[in-house]
Amino acid sequence: MGRREYNNVIGNLLKKINKETYFLKTCAYCGTTNPLTKEHIWPKGIINRVPSYIGRYSERANKVQAGELVIKDVCQFCNNGSLSKLDDYLCNLFDSFFKDFVREYETVNFAYDYDLLARVLLKLSFNTARASKQPIDLFSPMIPYILGTENSRPNNFSILVNLVKPTKVLKNGIIRNVYPSGVRSGRFELPTLDYRDVQYRVISINSYYFYLLLFNGVKQQQVINETSDITSSQLISSDATQLMLSLSNTDTFSVYEDHFKKNEKTYKDFLEKHNP
């Protein structure tokens, strides 16, 4: 057998082994060994609705990429079943609220189903955490709730929201509004926040910024209050279905400033490659 034939045989054998190993991996949600599929970090429906979302920052890879961010550890039954229904709910919220930037002096009567909203935000955060190789121990007990197989709502998380106002910039003698366009899911860090026994996540779609607090134990009201003050956000009540929102003191520049400064080179490299 020549070297080329030998390499082909070994290559095909490795592909077979990798394929069999792939199918033996368990689903991150239900734990079965059903065939795994690609789960989008952000639902395909949202990506299609936000055309400005051309660059996806991967914390794990520490780079910005044009392709859609996916993770390959979700079985087809979860992906096309319970999780798909959550994607549909998020797309409905987008069409009803998120698609339009909130303008000055506007108020929004944000209508929501608390459990569906919570499950969507937990799913996005859980997906992002796994894709970024971040700690997921606080998510694991919530998986039945995310899937909807457990009716009892976990009591160790809180959700806050604010509406980010546009930044005013002067261009060619004209004041223009720069709106917070795009989506984001990841950790957020502020030097004044207490990170003991709390994981802070942010999920944003255009003007809407949701802050998800995951507690390692019981909720800490002081942490909730401090987060609300620092981010100019409001607590979303689990006992209500509507919340009146107006633009906060936070503007587009301030919510992106730290992230872009920290990852300036990765964004510069991406823009030079895709906008030569």
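A residue counts as buried when its relative accessible area is under 20%, as exposed when it is over 50%, and as partly exposed in between (1.4 Å probe, protein chains only). By that rule asparagine 127 is buried, because its relative accessible area is 0%.

This is a predicted model: local features need pLDDT of at least 70, side-chain atom pairs count only at pLDDT 80 or more, and totals for chains, interfaces and linings use all residues. Residues are numbered from 1 along each chain as its sequence is written, and side-chain values use heavy atoms, with hydrogens and water left out.

Start with the whole chain. Its secondary structure comes to 9 helices and 13 strands. Helices (H or I, at least four residues) and strands (E, at least two) are DSSP runs, numbered from the N terminus. Of the 276 residues in the chain, 44% are buried. Contact means heavy atoms within 4.5 Å. Among contacts with a separation of 6 or more, 70% come from residues 24 or more positions apart.

Now return to asparagine 127. This residue sits in helix α5. Leaving aside neighbours within four places in sequence, asparagine 127 is in contact with Tyr29, Glu39, His40, Ile41 and Ile71. The side chain of asparagine 127 also makes a polar contact of 3.0 Å with the side chain of arginine 130. A polar contact is a pair of N or O atoms within 3.5 Å; within protein, one must be able to donate a hydrogen and the other to accept it, and residues adjacent in sequence count only if both atoms are side-chain atoms.

Helix α5 has a partner. Two packed helices are described by the angle between their axes and the distance between the axes. The axes of helix α4 (residues 82-98) and helix α5 (residues 114-131) come within 10 Å and cross at roughly 110°. That makes α4 roughly perpendicular to α5. Axes here are lines fitted to C-alpha atoms, for helices over the stretch in contact, and angles run from 0 to 180 degrees between N-to-C directions. Angles of 65 to 115 degrees count as roughly perpendicular, under 35 as roughly parallel, over 145 as roughly antiparallel, and the rest as oblique. From α4, Leu83, Leu86, Asp87, Tyr89, Leu90 and Leu93 meet Leu116, Leu117, Arg119, Val120, Lys123 and Leu124 of α5. The residues of this contact divide into 9 nonpolar, no polar and 3 charged. In this count Ala, Val, Leu, Ile, Met, Phe, Trp, Tyr, Cys and Pro are nonpolar, Asp, Glu, Lys and Arg are charged, and the others, Gly among them, are polar.

Follow the chain on from α4. Tyrosine 105 lies in the loop between α4 and β5 (107-111). Tyrosine 105 has a positive phi of about 70° although it is not a glycine. At 82% relative accessibility, tyrosine 105 is exposed.

Next comes a hairpin. Strands β7 (residues 167-171) and β8 (residues 174-178) run antiparallel and are joined by 5 bridges. Two strands pair if DSSP finds at least two bridges between them. The hairpin has 2 residues between its strands, and asparagine 172 in the turn has a positive phi of about 55°. Lysine 171 stands opposite isoleucine 174 in β8.

Asparagine 177 belongs to β8. With a relative accessible area of 33%, asparagine 177 is partly exposed. Not counting residues up to four places away in sequence, asparagine 177 touches Pro166, Thr167 and Lys168. Its side chain makes polar contacts with the side chains of lysine 168 (3.1 Å) and tyrosine 179 (3.5 Å).

Glutamine 199 lies in strand β10 (residues 198-205). At 12% relative accessibility, glutamine 199 is buried. Beyond residues up to four places away in sequence, glutamine 199 touches Pro135, Leu138, Phe139, Leu212, Leu213 and Leu214. A polar contact of 3.0 Å joins the side chains of glutamine 199 and arginine 201.

Asparagine 206 has a positive phi of about 55° although it is not a glycine. Asparagine 206 is buried, at 4% relative accessibility.

End at helix α7 (residues 221-231), which holds threonine 231. Threonine 231 is buried, with a relative accessible area of 5%. The side chain of threonine 231 reaches the backbone oxygen of threonine 227 at 2.6 Å. Residues up to four places away in sequence aside, threonine 231 touches Asn162, Phe188, Leu190, Tyr211 and Thr250.
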